[in-house]
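Colleague: Could you take me through a close look at a single part of this model and show how it connects to its surroundings? I would like the cut-offs spelled out as you go.

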Amino acid sequence: MSALATVTPEILLWARKTVGMSIEDVVHKLGQKRITSDVIERWEKGEEMLFYSQLEILAKIYERPVAIFFFPEPLEEETPEQSFRTAPGGTLQIMSPVMHILRRRALAMRANLIELYDGKNPVSTTIPEALMFSLDTKVEKMVKMVREFLKIDLQTQIKWKDEEEAFNQWREAIEQSGIFIFKDSFKDENVSGFCLHHDKFPLIYINSSNSKSRQIFTIFHELAHILLGKGSVDFLRRENIFNARDNDKDFYLPEEYKLEIICNNFAGKFLVPERDFNDKVSNYPPLMMMNCVLWRVYIK
């Protein structure tokens, strides 16, 4: 029989809530009928002790070191609201446990980078230091200045043989500009990526479960967030964002939604410049041209 664990009950509650799980979610994860929601609730209130072996299972579910549950009080950590200040209203409340864990991993990676490089970005002048924009900046101006900073013109981009090479080339260019890019399988089809804004160590995290073309688009969507000084999480399904247009004077959107439109607009116009796009499709058959235009409207 495993020994009893004298843990801090408040930390049990904190660990569950910071991973975005309900008590029922934990019961489901445990997969043991004898551990009911009432039992977990008593653990969190300090009314009943759990065995060390049970604590190890909980620590694995919450992705926390076992030792943390013996601390006298919960740790102070950056919250999702602090990480994703511009996420549209209500989206943080529907973040899956996987997303909470990935955000914590990203924070840990950033902390490791800060320690590894002694608090100084290895790039002497990062792209956020050189090109910080405001919400009033024209997207076309943003595109032009970022192109010039990355030193990759459209002719070079067209020569890449496939999406794999394109992703690798863009990733290398962005990382050489002082932004760190990580990939992981999010196990959440509604999220394509997120970024963490930081003065010295900005970070982009990409959902590797998506197609390479979607991953590339996400890199530039998140790059726009960073250059606007707004960390956020990129949810795929937002009907208001995809249906609204920034030139629709009669359609009211909160600022955080307008920001998403700008970031989508930037990514689309950067990867497929409108003038070059129009030149390319002008000689296409009518049906093919219509499909191309619909695609161009979607990415805007």
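Modeller: Of the 300 residues in the protein, 46% are buried, where buried means under 20% relative accessible area, exposed means over 50%, and partly exposed lies in between, with a 1.4 Å probe and protein chains only. This is a predicted model, so local features need pLDDT of at least 70 and side-chain atom pairs count only at pLDDT 80 or more, while totals for chains, interfaces and linings use all residues. Residues are numbered from 1 along each chain as its sequence is written, and side-chain values use heavy atoms, with hydrogens and water left out.

The protein has 15 helices and 6 strands; these are DSSP runs numbered from the N terminus, helices being H or I with at least four residues and strands being E with at least two. Contacts here mean heavy atoms within 4.5 Å. Among contacts with a separation of 6 or more, 67% join residues 24 or more positions apart.

Let me pick helix α1, residues 9-17. Its buried residues are Ile-11, Leu-12, Trp-14, Ala-15 and Arg-16, and they pack against α2 (23-30), α3, β2 (50-51) and α4 (52-62). As background, an α-helix has 3.6 residues a turn, so residues three or four places apart point the same way.

Leaving aside residues up to four places away in sequence, Trp-14 touches Arg-64, Ile-68, Pro-74, Leu-75 and Glu-77.

Now for the packing of α1 on α3 (residues 37-45): the two axes come within 6 Å and cross at roughly 125°. Axes are lines fitted to C-alpha atoms, for helices over the stretch in contact, and angles run from 0 to 180 degrees between N-to-C directions. Angles under 35 degrees count as roughly parallel, over 145 as roughly antiparallel, 65 to 115 as roughly perpendicular, and the rest as oblique; α1 and α3 are therefore oblique to each other. On the α1 side, Pro-9, Glu-10, Leu-12, Leu-13 and Arg-16 take part, meeting Trp-43, Glu-44 and Lys-45 of α3. Sorted by class, that contact holds 4 nonpolar, no polar and 4 charged residues. The classes are nonpolar for Ala, Val, Leu, Ile, Met, Phe, Trp, Tyr, Cys and Pro, charged for Asp, Glu, Lys and Arg, and polar for the others, Gly among them.

Trp-43 leads us on to Gln-54. Not counting residues up to four places away in sequence, Gln-54 touches Ile-35 and Trp-43. Gln-54 sits in helix α4, and its relative accessibility of 17% is why Gln-54 counts as buried.
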